[in-house]
Amino acid sequence: MTDPVITATPPADAIPTGNRRWLWFALATVALWGVWGAFAGLSAQHGFPETLTYCVWALTMIVPAVIVMQREKWKLDISAKAIGYGLAIGLLGAGGQMVLFYAVSTGPAYLIFPVISLSPLVTIAMSFLILRERTNWLGALGVVLALLALPMFDYDPGGAAVKGLGWFVLALIVMLCWGVQAYFMKTANNAMSAESIFFYMMVSGLMLIPVALLMTDFSKPVNWGWDGPWLAAAIQMLNAIGALLLVYAFRYGKAIVVAPLSNAGGPLITAILSLLLEGVIPGPLKTVGLVLALLASIFLALAP
């Protein structure tokens with residue numbers, strides 16, 4: 001990790017308009033989350049519940065948080081505004097994950113995840129209306145293509161019939177949580193350091209570990225071997241570092257561009273890795289989604 005990642009971040013208004021630093025952070029996030037997505041399911045396949053995987057993820061957040069705070073000589077922003085922003089970002093992200101655990105137990109994942117994938121739409125709308133963020137026609141086209149591509153990654157038109165709409169409400173809650181979280185991640189960077197934001201994200205994640213433990217069915221066997229929690233830790237570390245770099249991407253870039261790029265690029269990398277490592281050929285709908293995501297990523301990367 002290079003020095004620009006972990007040195008003190010200047011005020012947002014001091015960052016040059018043409019600065020492309022956001023792009024490198026966003027692309028690094030895409031790469032890390034793409035690899036994470038390709039292996040994220042291994043823990044559950046080896047008998048380690050997803051709720052416990054959440055606990056492991058929350059613990060892995062400690063490592064990058066401590067590293068960046070040490071480089072900042074533990075200059076933590078402790079104003080009421082900073083604490084409020086930090087906890088809001090962390091609890092929206094972790095709380096959304098808690099709701100997702102319950103949603104997938106009551107409804108079809110093939111419909112829930114396409115709804116959740118539209119969370120950048122919330123971020124874009126808030127950034128457009130409140131922050132007055134704008135981009136050129138290339139960026140706007142990239143945003144549209146990304147929003148079209150995201151639901152295609154998980155939608156399965158051949159799924160079984162679904163009864164009830166409770167799952168849909170839960171999916172909307174998760175979508176709103178993660179969309180608003182990304183918006184706050186951008187606005188918080190104007191009031192506090194990126195390192196403090198991530199520190200509070202880490203604290204928030206740890207706060208919800210008891211909830212994840214209560215949601216875990218310990219009556220079923222749990223794999224406590226190396227391919228259980230330890231494998232989960234190695235995989236979730238990619239997620240944790242990606243989350244840190246995403247904070248920096250929002251620090252230097254427009255939320256209206258960073259949100260769709262990070263959300264569309266990750267699944268694209270995941271799909272490519274799955275194809276190379278497992279020979280998994282995507283269906284027609286997912287193939288269209290991958291093409292749209294690729295074009296979206298290129299356009300968003302070229303946008304100012």
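## A tour of the helical chain

Select Trp74, which is partly exposed at a relative accessible area of 44%; buried means under 20% relative accessible area, exposed over 50%, and partly exposed in between, with a 1.4 Å probe and protein chains only. This is a predicted model, in which local features need pLDDT of at least 70 and side-chain atom pairs count only at pLDDT 80 or more, while totals for chains, interfaces and linings use all residues. Residues are numbered from 1 along each chain as its sequence is written, and side-chain values use heavy atoms, with hydrogens and water left out.

Stay on Trp74. Its phi is near 55°, a positive value in a residue other than glycine. Trp74 lies in the loop between α5 (62-71) and α6. Helices (H or I, at least four residues) and strands (E, at least two) are DSSP runs, numbered from the N terminus.

Next, select Arg132, in the loop between α8 and α9 (137-149). Phi of Arg132 is near 60°, again positive in a residue other than glycine. Arg132 counts as exposed, at 58% relative accessibility.

Now select helix α7 (residues 109-116). Its buried residues are Tyr110, Ile112, Pro114, Val115 and Ile116. Show α6 (80-106), α8 (119-129) and α10 (166-188) as well: the buried residues of α7 pack against these helices. Contact means heavy atoms within 4.5 Å.

Move on to α13 (residues 226-252) and α14 (residues 255-278). Their axes come within 8 Å and cross at roughly 150°. Axes are lines fitted to C-alpha atoms, for helices over the stretch in contact, and angles run from 0 to 180 degrees between N-to-C directions. α13 and α14 are therefore roughly antiparallel to each other; angles under 35 degrees count as roughly parallel, over 145 as roughly antiparallel, 65 to 115 as roughly perpendicular and the rest as oblique. The crossing of α13 past α14 is right-handed, meaning that the near helix is turned clockwise from the far one by less than a right angle.

To see the contact, select Leu246, Ala249 and Phe250 of α13 with Ala255, Val258, Ala259 and Ser262 of α14. These residues divide into 6 nonpolar, 1 polar and no charged. Ala, Val, Leu, Ile, Met, Phe, Trp, Tyr, Cys and Pro count as nonpolar, Asp, Glu, Lys and Arg as charged, and the others, Gly among them, as polar.

Finally, select the whole protein chain. The protein chain has 15 helices and 0 strands. Of its 304 residues, 50% count as buried.
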